[in-house]
Amino acid sequence: MRFLCISFLMDNFGRKSSIILSWLICIIGNLMIALGLNIPATAIGLFLSGFGSDAVINITFIYFCEMVENTTRQKYSIIMQLFFVIGAIVATTFFYVISNWRVVWYILVVIPSVIALFFIFLYIK
């Protein structure tokens, strides 16, 4: 479902608009998770967060492959995957050390998402 929506947006409105829309959906979902007081609100937030973040990951890899030269693409792709692994380790450590999951969610998800959206406006053409 998400691939149909996002590919339509990428083809008709461009990559930057698609990334911005996907990040906004992700941020709304993350805020709903962090602020959700009941299970349905949290479930809808998880859906929106997954919908937006998965779309951003795919669009970013497409954009990345278009911008990086063929000779260095493999090296930079490995570095990107390494950052995913480091992020998973850091997130697991934070959730293990801090008992309040909402605080960790704000620190690791909501705040970086807003910062990333700011840099998308600045750097993606």
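## Basis of the model

This is a predicted model, in which local features need pLDDT of at least 70 and side-chain atom pairs count only at pLDDT 80 or more, while totals for chains, interfaces and linings use all residues. Residues are numbered from 1 along each chain as its sequence is written, and side-chain values use heavy atoms, with hydrogens and water left out.

## The salt bridge

The structure holds 1 salt bridge (a side-chain nitrogen of Lys or Arg within 4 Å of a carboxyl oxygen of Asp or Glu). Its partners are the side chains of Arg-15 and Glu-66, at 2.7 Å from N to O. Arg-15 belongs to helix α2 (residues 15–35) and Glu-66 to helix α3 (residues 39–67), so the pair ties together parts 51 residues apart in sequence. Glu-66 is also partly exposed, at 46% relative accessibility.

## The pairing of α4 and α5

Helix α4 (residues 73–97) and helix α5 (residues 101–123), both DSSP runs (H or I, at least four residues), have axes that come within 9 Å and cross at roughly 150 degrees (lines fitted to C-alpha atoms over the stretch in contact; angles run from 0 to 180 degrees between N-to-C directions). The two helices are therefore roughly antiparallel (over 145 degrees).

In their contact (heavy atoms within 4.5 Å), Val-90, Ala-91, Phe-94 and Phe-95 of α4 meet Trp-101, Val-104, Trp-105, Ile-107 and Leu-108 of α5. The residues of this contact comprise 9 nonpolar, no polar and no charged.

Definitions and conventions. Parallel < 35°, antiparallel > 145°, perpendicular 65-115°, else oblique. Nonpolar A, V, L, I, M, F, W, Y, C, P; charged D, E, K, R; others polar. Buried < 20%, exposed > 50% of the residue type's maximum accessible area, 1.4 Å probe, protein only.
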